[in-house]
Amino acid sequence: MRVWDTSHLFNDAQPHQPATAEHVYDPADSQANLRQIRHHFKQLQTRLILGLILGFLLPNALLSAYFHFQFTHTLKESAKLNLAAVAESQKNTIDLYLQERVVNLYNLVHSKEFSLNPTQAQMENLLTGLKRLNDGFVDIGFFDPEGVQIAYAGPFSSLLGTDYSKEPWYRKLLTENQNYLISDVYTGFRNVPHFTIAIKQVFDNRTYVMRAALDPDKFYIFLRSINQGKEVESTLINHQGVYQVVDPGHSQLPGVNDHIPPASPPVGVEEYERGGQNMLVAYAWLKEHLWALLVMQPVSVAQSGMIKTRLVLTISLIVISLVISAVIYFTIKRLVDRARRMAEKGQQLQEMLAHASKLAAIGELAAGVAHEINNPLAIIMATSGVIRDMLNPEFELDHSPEAIYKELSVIDTAANRAKGITRKLQDMGKNRVPSVAECDVNALLGEVVDRLKKVELKSKHIEMSDHLVPDLPRIFAEPEPLRQVFANILINAADAIVDRGTITIATEAKEGMIWVTIADTGKGIPPENMQQIFNPFFTTKGGGKGTGLGLSIAASIVKYLGGTIRVNSIPGAGSSFTILLPINAPARKTTKHHNK
């Protein structure tokens, strides 16, 4: 025989608090519950991993992008500053070089071997002395006040006696307030690129000029010897962009550079494209002459060292981030898996506890049924024994039909009591097709109260009070089970009132439910009994007045209808049962309920 298990419907009920029906764990749903647990922990793991990405990797990526941008900017600035420092250093070296060559000429003029009418041997000795100081000197010449080269030593002997008075460099030296001059590179009378360093000296109020020609190729060799850095190319141009010193492998003299640096500031760095390659160009204007030193280097080469450092840092950061992310990921996965396994074990323990609880309920039910049925059986057996004694002449008892009929009525009463118990148990477990109809809860309550006033409440001093909301929404249900619910609770309320009291019935519709409240001013429910009042065969009525099935059946019916029962009780002051029934909820096809 199957019964409706209500032993766990009100486990959370406490005095002064409503007890609501709770779901009893169903082992048949074990796999569904396990799937739900796994789905929950899978979602949890996904959220944690997304949190990892948003909370760790995303800020880390943003910071990396920011620092990458700053590093790139610093890298460019560092490369520019480094190349500018190279240009500044080379410029100072070139200025010093030119100053030394000017001093070399001054020393010749003031040497003991110098005279205003030098011989060829004297000029050759002077040139030899200059070349010992620097092999860039090509030749040397001495000019009278009229600009005629009256003495010469060098490979271009035809220049002796040549008039230079109209040469631009010669006229500029005489007209400017400066004792020496460094010319641009030009070909002149010899048709060979060279540049001139000339000084002027006054002897006997007459101006004489000593000049020396320098080889631009030898000057380039000197320039290359002071280069600093990988693939650094240096060159000299004048203010018009004309090459003064070039790398013979890249350009030839004369030639014009396509990039002329600004005159101000005197030192700077620019970036431009040459031959499809980005170049950094540092420039520095010389002090000794209006020449600009250009120091060029490919951007990729200038930043190569820092780029390697940045690459190492980027790779290290990515590797560290991936390692940390992997550690966090596997840690999260491990913790989530462990939590999931613990939840699954908890689910299994819940199944075991539910199974044990059902076994205990079955045992309690069997014990209650045995106890309830044993009582009338004992009465029947005792009464049948009395009848036998009445029929035995030895005992001389009254065995008149009236006396025997009286004893048989006792047997009938006990048998009817046992029959009532078994009928209630059958009603709880049997299958039947429900007779569903629209029910007016107010009308059903009125019918139940009228019937109880004629029978159960007739001899009691109980005042009935009602607060029924008119036009209450109708519900789909079986009228008779609802009447049984209301009757069982009202009978319990009446039994809780010892002498005089009041039973109040109230109805209302809210939150999609019909609320039926039955409150009494009886003795209330002790706290220790609150969790047992809906258990089958639990009763506090003595003298065989109750079977303990009334509230259990009521709770099962309400649960079947999709509702619940809430209980409030104050010991010594009364109890309140609130029945919540769903509005317009069609009844199920069968009233059979299985223990899950």
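Is Lys345 buried or exposed, and what is its relative accessible area? Lys345 is exposed, because its relative accessible area is 55%, where exposed means over 50%, buried under 20% and partly exposed in between, computed with a 1.4 Å probe and with protein chains only. The structure is a predicted model, in which local features need pLDDT of at least 70 and side-chain atom pairs count only at pLDDT 80 or more, whereas totals for chains, interfaces and linings use all residues. Residues are numbered from 1 along each chain as its sequence is written, and side-chain values use heavy atoms, with hydrogens and water left out.

Lys345 lies in helix α6, which covers residues 304-391; helices here are DSSP runs of H or I with at least four residues, strands are runs of E with at least two, and both are numbered from the N terminus. Together with Arg334, Arg338 and Arg341, Lys345 forms a positive surface patch, that is, a group of residues with over 30% relative accessible area and no salt bridge, in which like charges are joined within 9 Å. Helix α6 also holds Gln348, which is partly exposed at a relative accessible area of 42%. The C-alpha atom of Gln348 is separated by 9.2 Å from that of Leu34, although the two residues are 314 apart along the chain.

Charged pairs can be followed next. Side chains of opposite charge can pair when their charged atoms come close. A salt bridge is counted when a side-chain nitrogen of Lys or Arg lies within 4 Å of a carboxyl oxygen of Asp or Glu, and by this rule the count comes to 13 salt bridges. In one of them, the side chains of Lys91 and Glu88 meet at 3.8 Å, N to O; these residues are three apart in helix α1 (residues 30-109), and therefore separated by about one helical turn. Lys91 counts as buried at 5% relative accessibility, whereas Glu88 is partly exposed at 29%.

Asp139, which is buried with a relative accessible area of 0%, takes part in a salt bridge with Arg190 at 2.7 Å, N to O. Because Arg190 lies in the loop between β3 and β4 and Asp139 in strand β1, this pair ties together parts that are 51 residues apart in sequence. Arg190 counts as buried at 10% relative accessibility. Asp139 also forms a salt bridge with Arg211, the closest N and O atoms being 2.8 Å apart, and since Arg211 lies in strand β5 (residues 206-214), this pair ties together parts 72 residues apart in sequence. Arg211 is buried, as is Asp139. Elsewhere, salt bridges that share partners join Arg38, Lys333, Asp337, Arg340 and Glu344 into one network.

The aromatic rings give a further view. Rings of Phe, Tyr and Trp (its six-membered ring) pair if their centres lie within 6.5 Å, with planes under 30 degrees apart counted as stacked, over 60 as edge-to-face and the rest as tilted; a search of the whole structure finds 16 such pairs. The rings of Phe143 and Tyr164 have centres 4.9 Å apart and planes at 85°, so this pair is edge-to-face. Phe143 is in strand β1 (residues 137-143) and Tyr164 in the loop between β2 (149-153) and α3 (168-175), 21 residues apart. Both Phe143 and Tyr164 are buried. Tyr164 also forms an edge-to-face pair with Phe189, at 5.0 Å centre to centre and 90° between the planes. Phe189 counts as partly exposed at 42% relative accessibility, whereas Tyr164 counts as buried at 4%. A cluster of Tyr97, Phe195, Phe219, Phe222 and Trp291 is also linked by ring pairs.

How values were computed. Patches are made of residues with over 30% relative accessible area and no salt bridge: like charges are joined within 9 Å, nonpolar side chains (Val, Leu, Ile, Met, Phe, Trp, Tyr) within 5 Å. Accessible areas come from the Shrake-Rupley method with a 1.4 Å probe; for residues, only the protein chains shown count as cover. Lys and Arg count as positive and Asp and Glu as negative; His and the chain ends are not counted. The place of a charge is taken as NZ of Lys, CZ of Arg, CG of Asp or CD of Glu.
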